[in-house]
Structure formats: structure tokens, C-alpha cells
Amino acid sequence: MVVSPTIDDITAMRARLGDRIIETPVHRWRSAELAGIVGPETEVLLKLELFQYTGTFKPRGALSVMMNLPPEAIARGVTAVSAGNHAIAVAYAAQLLGASAKVVMPKTASPFRIERCRQYGAEVVLVDTIAAAFDAVRAIEDSEGRSFVHPFEGPFTVLGSATLGLELCRQAGELDAVIVAIGGGGLCAGVSSAIKALRPDCRIFGVEPVGAPSMSKSFAAGEPVAIDRVDTIADSLGAPHAMPGTFELCRRHVERIVLVDDDQIRQGMHLMFRDAKLAVEPAGAAATAALTGPLREELRGKRVALIVCGSNIDAATYARYIGAAEQARLGGG
């Protein structure tokens, strides 16, 4: 049985992370446009994790894992596989802890994210596919003795993500619901563990892209499963499979997972840009897409927190998505 992290453990980890991690702010999102969509009686709070170091929540888990490695493992260095955000976080954590990092990324990864990894001092290995990336990272582990830092699975990854939930509860007070994007599930597993320990009556909703429903399919199957393909603009939510630990914690704490399509995600990005003045990557708009879409009526009149999980996107891609959403909003598509 997978054990949820305790509040004492989460609090201790947050203290250990110290100023290596920002306590990102919580902002109450109020506007006539938002009220017109979700109802004026609905109170919406944004946990602005896009302002975290590296632009996403990911350093919380990466640092938690690496700070619990023995000194000899840190001396040998670390490795990771990622389409971008986790690789950037591992590079950042390695730089802080005096370790070397070799990260494996698919050639289709955003050049912006690849460059961010290199800026933090990581060696980047580019391969053709995600499947090839996992093969490459295993070879690096075997040949170089580097420690693998998993992107979403493992107790220390979850413990690091749980510090976000701890902060949110302390900052926001009582909440009726929290909406969390799910890729592999590490963020949701950690955040939901902290919230359910501190606010047991708070409802947790996960949100996945239609094109990457690994956790919702796992919920339906009653066990972790893989999906045949990932097809979504929210590439940082494109986990090809669920894994036992995060699956069990999500199943324990999450009331339901809802799905949003790419059009809804783009519309969420556009709403956040024009109304909240936030420029986010697709994953960072997933919770907004869920609240303004499939959860709108269910959460009407509630006090709801959205995890704005990241903002790592290049300007050209962002402009293309926002442009498409604007065209659709004006009736052009």
C-alpha cells in the first residue's frame, strides 16, 4: 500500500527546500468576464506556480529527490528523461547541489526548453522518440552510474509536489475545490495528499487533455495503464502511462478526472492572457479550461483554487495558440 506523505513530512521538506524554491503567490481572479463565465458567486483563486524557479512546479520534486541522494550519488551526477520542464528542473537542481546533469530529450522538444536546460549547465542528449529516450537514459545509468530522477513517480517526488499543496492551504484558507492538471500525476498526487490532510472536505479534481488520458483510463481500468499515443498541444501533460505510486494516491484523493480538448486549452490560455494578464503554456491553462468548461456548473458558487502549473513556451508557439483562440472567439473558426 502506498503511504501518503504526512503534514510533518511535508512541512519538514518545505523547510529543507528553503529559498531554493519560491513560495509562489495566490491571487484572487476577479473580473466581469470571468464572472460572466463561471458566475459572480464563484470565487476563483490562482496558485501562481508559473512564477516558480524554472517556470514550473517541477523543481520541488527534483530537489526533493536529489537532496535525499547520498553524497556519492550526487558526485556521480544525475540523469532524467523529459520533453522539457522536468529536464529543466533537474538541470536547475543539479546546478544548485553541485552535481552534473545529463538529460535525454526527444528531438521534437521545444528548442526553447532545450536551451533552458543548457543554460542551467546540463548536457542534453537528443533522440528520435520518447521510447528511445527511456532506452538512452537507462544506458546512461548503467554506463555512467548516474542516478535517475523520475519525472513523476516516487515518494520524494510526491513529497516535493506536496509542498505546493501545503503552501496553498496556508495562503488560501478554506477551499471547496482545487483543480490540478495531470500528466504523470506527480503534481496531483502530492498536492492532493497535502490538501486532504489539511482540508479533508475539499474536493480535488484532476484534468487531462483528451489526447493524453493516461490517468483517466487508469482510473477506469482500476490499475495503471499505458496509452497508445499522445496527441495534444499540452506536451508537458503527455505522459504515455501511469505508474503505481502516483496512480494510487490520485485514486485515493481525487474525486474525478475531467478531460479538456486542445481548443478548450487554447481558449483557457487566451482567457488568462486577456483577463488575468498571464502568459501560460498549455498545461498551465488546463485547470482554467476545466473550470470554464466541464466543471463550470458543478463548481458554481464555490471557492475554487486553480494550480497554474507552468509557463515554459516560446513566443512563436504561444502567439500561434493565442491567435487560433482569438480567431475562434471572433467566429472565424
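Select Glu-248 and Arg-252: their side chains form a salt bridge, with the closest N and O atoms 3.7 Å apart. A salt bridge here is a side-chain nitrogen of Lys or Arg within 4 Å of a carboxyl oxygen of Asp or Glu. The model is predicted; local features need pLDDT of at least 70, side-chain atom pairs count only at pLDDT 80 or more, and totals for chains, interfaces and linings use all residues. Residues are numbered from 1 along each chain as its sequence is written, and side-chain values use heavy atoms, with hydrogens and water left out.

Both residues sit in helix α11 (residues 244-253), 4 residues apart, about one turn of the helix. Helices (H or I, at least four residues) and strands (E, at least two) are DSSP runs, numbered from the N terminus. Glu-248 is partly exposed at 22% relative accessibility, and Arg-252 is partly exposed at 32%. The classes are buried under 20% relative accessible area, exposed over 50%, and partly exposed in between (1.4 Å probe, protein chains only).

Now select the whole of α11. Its buried residues include Gly-245, Thr-246, Phe-247, Leu-249, Cys-250 and His-253. Show what covers them: among the elements are α8 (155-172), α9 (186-198), β8 (203-209) and α10 (214-221), where contact means heavy atoms within 4.5 Å.

Next, go to Glu-123 and Lys-102, whose side chains meet in a salt bridge at 3.9 Å, N to O. Glu-123 belongs to strand β5 (residues 123-127) and Lys-102 to strand β4 (residues 101-106), so the pair ties together parts that are 21 residues apart in sequence. Glu-123 is partly exposed at 42% relative accessibility, whereas Lys-102 is buried at 11%.

Keep β4 and β5 on screen. The two strands pair in the parallel sense over 5 bridges; pairing requires that DSSP finds at least two bridges between them. To see one of these, pick Val-103, whose bridge partner in β5 is Val-124.

Move on to Glu-297 and Arg-296, joined by a salt bridge of 3.8 Å, N to O. Glu-297 is exposed at 51% relative accessible area, while Arg-296 is partly exposed at 32%.

The salt-bridge count comes to 26.
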